[in-house]
Each structure stands twice: as structure tokens, then as C-alpha cells.
Amino acid sequence: MLLDRSFELARKAEEIDALAAKRKNVIASDQMIEGEYPIFVDRTSGAYFWDVDGNRYLDFFLSYGTVVLGHADRDVDDQVIAEIRKGFATGLSKPVQTELVSELLEVIPGAEMAMLMKTGSDATGAAVRLSRSFTGRDRVARFGYNGWHDWCAQWDHGIPRATRDLVHTFAYNDLDSLRALFERHPGEIACVVMMPFEVEPPAPGFLEGVRELTRAHGALLVLDEMRSGFRMALGGAQEYFGVTADLATFSKAFANGYAISALTGRAEVLRRLDRVHISSTFYANSDAMAAALATLRKLRSGPHLERIHTLGSRLQDGLRELTDKYAAPVEVVGHPPMPFLDFRLGSEEENQAAKRSFYTETIRAGVFFHPNHHWFVCAATTEEDIDTAIEAARGGFEALVRDGYTGAVRSGEAAR
Ligand SMILES: Cc1ncc(COP(=O)(O)O)c(C=O)c1O
């Protein structure tokens with residue numbers, strides 16, 4: 001694929017744009033397959049986007065999962081445009097704010113109140129601060145990616161030791177590792193903040209066990225539903241797995257791509273806002289609220305999420321047939337709306353080399369699978385699109401055979 005314009009723009013951006021200069025919190029070239037993936041996008045529509053060189057891609061990245069209905073959804077965008085035309089930046093409340101919160105409470109389990117913010121990190125950060133205030137405790141136990149703020153940043157640089165020392169990670173599907181934290185710090189853990197799952201599904205009883213442990217130790221349970229919310233089910237993983245947290249955080253699919261997040265949960269915790277400082281100039285802007293309301297109403301109006309599950313299953317089934325057929329050292333993992341391929345060669349270097357073979361084929365076939373982040377399916381995808389994606393993957397698996405990466409994953413070979 002010709003990517004000249006993308007690379008030309010990237011070279012220019014890297015000189016002047018600190019985020020574009022290969023930082024890992026944008027789609028860094030080292031997360032993709034160097035030289036093969038587009039960098040600059042021109043336009044989007046439905047399940048597709050076009051890069052600045054005119055290449056079209058079937059999108060399974062969907063802006064980190066924010067796009068749930070499809071790119072540039074008219075029903076959502078029209079509401080946003082109408083809100084913008086009426087005036088969206090007033091610093092005061094617009095009626096859409098109360099309408100949105102009220103509809104949000106109807107669909108999110110355990111949501112007695114909600115607070116609207118802008119980013120996912122805003123919401124998880126607010127959940128932690130409120131939990132600390134509510135419980136009078138300082139420590140936090142957490143699992144998964146929860147944002148970039150001091151309490152949960154992935155890298156230590158720039159974070160004071162004192163802040164880091166108050167936050168403890170635990171292992172997924174391992175209740176003992178969480179229990180050990182509670183035993184080591186009795187009466188000190190304010191909350192457990194966790195993604196309900198990342199790639200590996202919850203083992204039977206695991207989420208319920210976390211719920212019991214938090215209750216038993218007087219800590220709050222905060223489910224970070226940034227990826228699972230409005231995708232696994234309308235009421236997120238709480239509805240899907242039948243576990244209710246004290247607080248839950250949402251963003252991404254909430255507004256089909258517009259910047260908004262929400263913290264929902266028990267009123268007595270959220271009422272702590274009267275003594276906890278959480279505020280931002282742009283929280284009152286109503287453009288993204290209009291987007292969230294339109295997205296929520298559209299998701300409620302038809303079987304869009306069911307369709308996403310069906311399409312995701314079709315993709316996973318097709319990929320599983322191929323991993324069997326080509327004896328690929330790869331396992332199809334994740335829930336159907338958020339599938340992924342887990343490469344299981346001996347070492348990380350071999351995995352990266354095999355990924356290069358596989359994903360070079362799929363991206364050249366015009367299918368945008370992210371090599372290092374799980375994928376997402378949106379409602380604008382069609383059955384034919386899924387079949388196209390499976391065919392592209394066939395090319396990827398043939399490349400694995402060609403390059404000598406074979407040897408099926410043996411059952412019992414646990415990944416993560
Ligand atoms: C599970 C989860 N929590 C929190 C965040 C942080 O959200 P944001 O990047 O909008 O700050 C993300 C973002 O990817 C996420 O996936």
C-alpha cells in the first residue's frame with residue numbers, strides 16, 4: 001500500500017508535535033508494524049476509514065473502541081450539530097445534561113447518581129478521590145489499564161514515590177492475590193478499581209468474590225467499564241456478568257467517539273462531591289452530551305449490541321477455523337465484541353516477528369487489526385465485512401506458515 005503522504009506528514013509532526021513524536025500513548029509506530037500501517041486519516045464512514053493516501057480500511061480499532069454504532073453516525077452527528085448551533089459552551093447547565101444523566105441511570109445497574117466529565121482518566125481519578133474521602137483510607141488496589149493520572153500511570157517516571165506506594169496491583173482471576181493485599185494492609189484500602197476483564201474472561205465466581213472481599217473489608221468496588229460499557233451490554237459488564245459495583249466509570253462507546261465520561265454509583269458516595277475537589281472548565285460543554293444522549297437512545301432503540309455480539313462471534317469462529325487449519329501458534333481470545341489474537345510463540349521476540357508476518361498481510365488487505373491492543377466490532381460492520389476480515393486473516397495465517405511459524409497452541413497452555 002502506498003503510504004507516502006502519511007509518512008511525510010508523520011515526519012513533519014515528529015519535529016513539532018510532542019505526542020506525535022513516537023510516544024506510546026498515541027498509536028506509536030512501534031506498536032504497529034513499522035512501515036505498513038497508516039498514520040494519518042482523511043475521513044471515516046460506518047465501519048471504514050480512509051487514510052491520507054486514499055487507502056480504505058475496514059476498521060477493527062474504532063478509535064480505541066469509542067465508535068460503537070459506526071463512524072460518522074448521522075443520528076448522533078446531527079444531534080451534535082444541532083446542539084453546537086444552539087450554543088454548547090456556556091459554563092452553565094444545558095437541559096441535555098439532566099436528560100442524559102436521567103437516561104443513564106435507567107440503564108446502568110446500581111446507578112443512583114451520575115457525574116459527567118470528559119475523559120476516562122477523569123472518571124477513574126474521581127472515583128479514587130471520592131472513595132478515599134468516603135472511606136477515610138488512602139490505599140488503592142487496582143487491575144488493568146485505568147488511565148494516565150499519578151495514581152495509575154503505567155510508568156514510574158514523573159510519579160512521586162509516596163503516590164506510587166499507596167497503589168497496589170493484583171492479578172486477574174486470582175482472588176488470593178487481592179485477599180493478600182487486604183491482609184497486608186488491614187483497614188487501609190479505600191477501593192478496588194478494576195476492569196471487569198481485559199482479554200481473559202472472568203473465572204466463575206471471580207467477580208462475585210471481589211465483590212465479597214471488598215464488602216468484607218469495608219472497601220468500595222469501582223468497575224472501570226471504559227471498554228466494556230455500552231458494548232458488552234447496555235448496562236456494561238455489571239449487567240452482563242450480574243455484579244453490581246459501588247461506583248462504575250464509563251467513556252469510549254458512551255458517545256460514539258465524542259469526548260465524554262461518566263462516573264455512576266451510590267448516591268452517598270457521589271454526594272461527597274460537596275467536599276472533594278473535582279471540576280473542569282469543559283465539563284459543562286453540551287456537544288458531547290448531545291452525542292451521548294443520541295448514542296444511548298439509538299442503542300436502546302434496536303438490537304445493535306446483540307448484532308455486535310453476533311458479528312464478533314462470526315469473526316472469532318472464522319479465525320478459530322483458520323488457527324486449526326494452519327496449526328497456528330495463535331489463540332483466538334476475548335469476548336465477541338472485543339476479540340483479539342494471542343500469539344503464543346516461545347519468546348516475545350518470536351511473537352513480534354510472527355505478528356509482523358501476520359499483520360503485514362492483513363493491513364495490506366485493507367483490514368485494520370491492531371497487533372497489540374484488542375479489537376472492537378461496531379454495529380455498522382456487515383456479515384460481508386466479517387467474511388472479508390476472515391479472508392484477510394487467511395492471508396495472515398498463510399504468511400505464518402510461509403515464514404515457519406507453526407505449531408498449534410496445545411490445550412492447557414495458559415496465556416495470561
Ligand atoms: C479501561 C480503561 N480505563 C481508563 C482509561 C483511560 O481513559 P482516557 O484515555 O480517556 O483517559 C482507558 C483508556 O483506554 C481504559 O481503556
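Analyst: Keeping in mind that this is a predicted model, the largest cavity holds about 30 Å³ of space.

User: How many cavities of 30 Å³ or more turn up in the whole structure?
Analyst: A search of the whole structure gives one cavity of that size, 30 Å³ or more.

User: Which residues line the largest cavity?
Analyst: Its lining is made up of Met195, Pro196, Phe197, Asp224, Arg227, Ser228 and Met338, and by class these residues divide into four nonpolar, one polar and two charged.

User: Switching to the ligand, which residues are around it?
Analyst: Around the ligand are Thr119, Gly120 and Ser121, then Tyr145, Asn146 and Gly147, and also Met195, Asp224, Met226, Arg227 and Lys252.

User: What lies 2.6 Å from an oxygen atom of the ligand?
Analyst: That is a polar atom in the side chain of Ser121. For Gly120 the atom is a backbone N or O, 2.9 Å from a ligand oxygen, while in Lys252 a side-chain N or O atom lies 2.9 Å from an oxygen atom of the ligand.

User: How much of the ligand's accessible area does the protein cover?
Analyst: On its own the ligand has 390 Å² of accessible area, and the protein covers 83% of that.

How values were computed: Residues numbered from 1 in each chain as written. Predicted model: local features only at pLDDT ≥ 70, side-chain atom pairs only at ≥ 80, totals over all residues. Heavy atoms only, no water. Near = heavy atom within 4 Å. Polar contact = N/O pair within 3.5 Å; in protein donor to acceptor, adjacent residues only side chain to side chain. Areas by Shrake-Rupley, 256 points an atom, 1.4 Å probe, with all protein chains shown as cover. 1 Å grid on protein atoms, 1.4 Å probe; cavity = no way out; pocket = protein on both sides within 12 Å on 5 of 7 lines; lining within 4 Å. Points joined across faces, edges and corners; volume = space filled by probe spheres on them. Nonpolar A, V, L, I, M, F, W, Y, C, P; charged D, E, K, R; others polar.
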